[in-house]
Amino acid sequence: MFRNQYDTDVTTWSPAGRLFQVEYAMEAVKQGSAAIGLRSKTHIVLGCVNKANSELSSHQKKIFKVDDHIGVAIAGLTADGRVLSRYMRNECINYSFTYESPLPVGRLVVQLADKAQVCTQRSWKRPYGVGLLVAGLDESGAHLYYNCPSGNYFEYQAFAIGSRSQAAKTYLERRFENFADSSRDDLVKDALMAIRETLQGETLKSSICTVAVVGVGEPFHILDLETVQQMIDAFEIVGEQEGPAAEPDAAAAADQGGSTEEGVAPMDI
Amino acid sequence: MNFTVSKQPENCLLGPESDSQRTLYPYVTGTSVVALKYKDGILMAADMGGSYGSTLRYKNVERMKPIGKHSLLGASGEISDFQEILRYLDDLILYDNMWDDGNSLGPKEVHNYLTRVMYNRRNKFNPLWNSLVLGGVKKGEKYLGTVSMIGVNFEDNHVATGFGNHLARPILRQDWHENLSFEDGVKLLEKCMRVLLYRDRSAINKLQIAKITEEGVTISQPYSLKTYWEFSAFANPAQGAVGTW
């Protein structure tokens, strides 16, 4: 993307019908470190790569619990992500207090999308620079949504966002048809495999990734380091034997909904 | 030193001018509502009377209404406040339906919403002068709860408002059991309503029984209960105490 005379503020259209500031905000998501999500009928797993700035510092928190039945993984400007997580937690808690019932994730996602849209239509605001993978349960089962800075949201069986997410998406595209009936543990294994794809050869260990699970009868929680390392060890050995080419369940077709391509991109419509 | 009282804003509910802006006493009231859980859902009964003080003025008041797909609301107390509550719930259900997303508010959610409304009004010294009974079935789960005008709320297998608490609940405590059939449930409710008819001065002999199951709500046509006034104890009431009535 190159600088042009239509990209100064968010309320200026380009002659081609694009809002460049919104597209630049989506670039910020692509530059952030990877986050992935996948779901079965009853569980959703979120995972992300957590690289600390230096050995001295701790890594940034990219997965947030929003309520017992909803969690979110972010990529992009983590400060924006933190603020939006606080908004989501507030909405959930208010709904729970009034109705003694969990807020359906589908409704929370729409409220989040409407909030993002406002920032694309006010001259004194800027779009949120963060993409959110929202995992949650409601009456109709397990759901995974992607909210982007443009104010659009899509539902996914599996998705990946952030830098080098294309590698994870390719992995997920090949196997997503089996996810619906996967067991919880297989789902976590697939999540770890997908995270590994984004590391491009670097060793996967629990200190550089975070995994969280939510499901029917299982409140949202982040898995602790030992559990994650055990799962990595369990399949890493199997992974070497399997080899990169032999995938036991080959599947065709792409994700449902639009997938954001890296490079020059018209915004998600 | 300044001894004058500072002027309160007019929308404040304390102070001398405030009485015209808040509920002080009820005017047209409904009497007891009785409800119980049975095999397929909830049964609720209420008479159709609207009393104006001690006058039994209105005799065609429907005090039970369906709410959304899954709930049934019965009310005693001020009828105009009940109508106001129905308007709030109408808005609530409308916005819930507008999401059009497969999720819907069940009886538990409606009950809790009403509890919040009643309690918040009570805190502002401007109550909705009602005792509400909220029953419903959603995904096979039966729910029956009550909220009072001061925000006291709870769930139980059988509930009642007003005089029903004193006259009907003891009968229900003795005769209610799990998985009542529809016929047994109706008989039990009629037993309670008959006692209320005999003993509650504001009860009238024209009642409706409402049923809510997974399929939906049915409210019966109004009908009356058979009463018997020939009990020997009533034959000569002044016998033992001259001058009594």
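1. Basis of the note. This is a predicted model, in which local features need pLDDT of at least 70 and side-chain atom pairs count only at pLDDT 80 or more, while totals for chains, interfaces and linings use all residues. Residues are numbered from 1 along each chain as its sequence is written, chains are lettered from A and ligands numbered from 1 in the order in which they are written, and side-chain values use heavy atoms, with hydrogens and water left out.

2. The salt bridge of B:K39. The side chain of B:K39 meets that of B:D40 in a salt bridge, at 3.7 Å from N to O. A salt bridge here is a side-chain nitrogen of Lys or Arg within 4 Å of a carboxyl oxygen of Asp or Glu. B:D40 is partly exposed, with a relative accessible area of 39%. Over all chains, the structure holds 22 salt bridges.

3. A salt bridge within chain A. A:K51 and A:E202 form a salt bridge through their side chains, at 3.4 Å from N to O. A:K51 lies in the loop between β2 (43–49) and β3 (63–67) of chain A and A:E202 in the loop between α5 (184–198) and β9 (209–215) of chain A, so the pair ties together parts that are 151 residues apart in sequence. Helices (H or I, at least four residues) and strands (E, at least two) are DSSP runs, numbered from the N terminus. A:K51 is partly exposed at 39% relative accessibility, and A:E202 is partly exposed at 34%.

4. A salt bridge between chains. The closest N and O atoms of A:R107 and B:D101 are 3.0 Å apart, in a salt bridge. A:R107 lies in helix α3 (residues 105–118) of chain A and B:D101 in the loop between α1 (79–99) and α2 (107–123) of chain B, so the pair joins two chains. A:R107 counts as buried, at 5% relative accessibility, whereas B:D101 is partly exposed at 25%. A network of salt bridges links A:R107, B:D96 and B:D101.

5. Strand β5 of chain A. Nine of the nine residues of strand β5 (residues 130–138) of chain A are buried. Among them, A:V130 and A:L132 point one way from β5(A), and A:G131 and A:L133 the other way. Strands pair if DSSP finds at least two bridges between them. Strand β4 (residues 70–76) of chain A runs antiparallel to β5(A), joined by seven bridges, and A:A73 stands opposite A:L133. Strand β6 (residues 141–147) of chain A also pairs with β5(A) in the antiparallel sense, over seven bridges, with A:G136 opposite A:H143. The hairpin from β5(A) to β6(A) passes through two residues.

6. Chain B as a whole. The secondary structure of chain B comes to six helices and 13 strands. Of the 245 residues in chain B, 45% are buried. Taken along the principal axes, the C-alpha atoms of chain B fill a box of roughly 75 × 60 × 30 Å.

7. B:L24 is placed in the segment before β1 (28–30) of chain B and is partly exposed at 32%. B:Y58 is in strand β5 (residues 55–58) of chain B and is partly exposed at 35%. From C-alpha to C-alpha, B:Y58 and B:L24 are 22 Å apart in space, and they are 34 residues apart in sequence.

Methods
Buried < 20%, exposed > 50% of the residue type's maximum accessible area, 1.4 Å probe, protein only.
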